[in-house]
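Visitor: I have a chain on my screen and a few questions about it. Can you take me through them one by one?

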Amino acid sequence: MMNLPKEFLLGGATAAYQAEGATAVDGKGKVAWDDYLEKQGRFKADPASDFYNKYPIDLKLSHEFGVDAIRISIAWSRIFPNGDDAEANPAGVQFYHDLFKEARG
């Protein structure tokens, strides 16, 4: 077993589209991948790993397995479903506020 420096952080990461799922929930807008995957007919982003609904469990398990840090990407189509910054989606903003609060523990 390797001895790592005390300041070493074992980390993980998510990619919103590949992990969150819930592509048509709480006002999330479409992205190019939604159309592409629907057209090719073999894969869908729902439910993915369903991080959108299961992040408290995922973060708890990460902690139990010794993951010290996590990089979480943001699905901007969840915050700005119309593709512009004219109007933010309150449900999308709340999801990320809740997620970051849970991640901080």
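Visitor: Which helix holds Gly92?
Guide: This is a predicted model, so every answer here rests on a prediction. Gly92 touches Arg78 and Ile79, leaving aside neighbours within four places in sequence. Its own place is in helix α5.

Visitor: Is Gly92 buried or exposed?
Guide: The cut-off for buried is under 20% relative accessible area. Gly92 has a relative accessible area of 0%, so Gly92 is buried.

Visitor: What separates the C-alpha atoms of Gly92 and Ile79?
Guide: Gly92 is in contact with Ile79. The two are 13 residues apart along the chain. Their C-alpha atoms are separated by 4.8 Å.

Visitor: Which residues have the most contacts inside the largest nonpolar core?
Guide: In soluble globular proteins, nonpolar side chains tend to be buried together. Here the largest nonpolar core has 13 residues. Those with the most contacts inside it are Phe51, Tyr55, Phe95, Tyr96 and Leu99.

Visitor: Which element gives the largest share of this core?
Guide: The elements that give two or more residues to the core are α1 (16-20), α3 (51-64) and α5 (90-104). The largest share is four residues, and it comes from α3.

Visitor: Why does Glu20 count as buried?
Guide: Glu20 is found in helix α1. Its contacts beyond four places in sequence include Pro47, Phe51, Ser73, Arg78 and Phe95. Buried means under 20% relative accessible area. Glu20 is buried because its relative accessible area is 2%.

Visitor: Which side chain does Glu20 join through a polar contact of 2.6 Å?
Guide: Glu20 is in contact with Phe95 and Tyr96, among others. The polar contact of 2.6 Å runs between side chains. The partner of Glu20 is Tyr96.

Visitor: Where does Thr14 lie?
Guide: Thr14 touches Ala19 and Phe51, and also Ile70, Arg71, Ile72 and Ser73, not counting residues up to four places away. Thr14 itself lies in the loop between β1 (11-13) and α1.

Visitor: Is Thr14 buried or exposed?
Guide: The cut-off for buried is under 20%. Thr14 has 12% relative accessibility, so Thr14 counts as buried.

Visitor: What is the relative accessible area of Ile70?
Guide: Ile70 is found in strand β2 (residues 69-71). Ile70 touches Gly12, Ala13, Thr14 and Leu59, not counting residues up to four places away. Ile70 is partly exposed, with a relative accessible area of 32%.

Visitor: How far apart in space are Ile70 and Leu9?
Guide: Ile70 and Leu9 are 61 residues apart in sequence. From C-alpha to C-alpha they are 9.6 Å apart.

Visitor: What pattern does the protein chain follow along the sequence?
Guide: The secondary structure comes to five helices and two strands. Read along the sequence, the pattern is β-α-α-α-β-α-α.

Visitor: What percentage of contacts join residues at least 24 apart?
Guide: The count covers contacts between residues at least 6 apart in sequence. Of these, the share that joins residues at least 24 apart is 70%.

Visitor: How far apart are the centres of the positive and negative sets?
Guide: The protein chain has 12 positive and 16 negative side chains. The centres of the two sets lie apart by 4 Å.

Notes. Residues are numbered from 1 along each chain as its sequence is written. This is a predicted model: local features need pLDDT of at least 70, side-chain atom pairs count only at pLDDT 80 or more; totals for chains, interfaces and linings use all residues. Side-chain values use heavy atoms; hydrogens and water are left out. Contact means heavy atoms within 4.5 Å. Lys and Arg count as positive and Asp and Glu as negative; His and the chain ends are not counted. The place of a charge is taken as NZ of Lys, CZ of Arg, CG of Asp or CD of Glu. A nonpolar core is a set of buried Ala, Val, Leu, Ile, Met, Phe, Trp, Tyr and Cys residues joined through side-chain atoms within 4.5 Å. Buried means under 20% relative accessible area, exposed over 50%, partly exposed in between (1.4 Å probe, protein chains only). A polar contact is a pair of N or O atoms within 3.5 Å; within protein, one must be able to donate a hydrogen and the other to accept it, and residues adjacent in sequence count only if both atoms are side-chain atoms.
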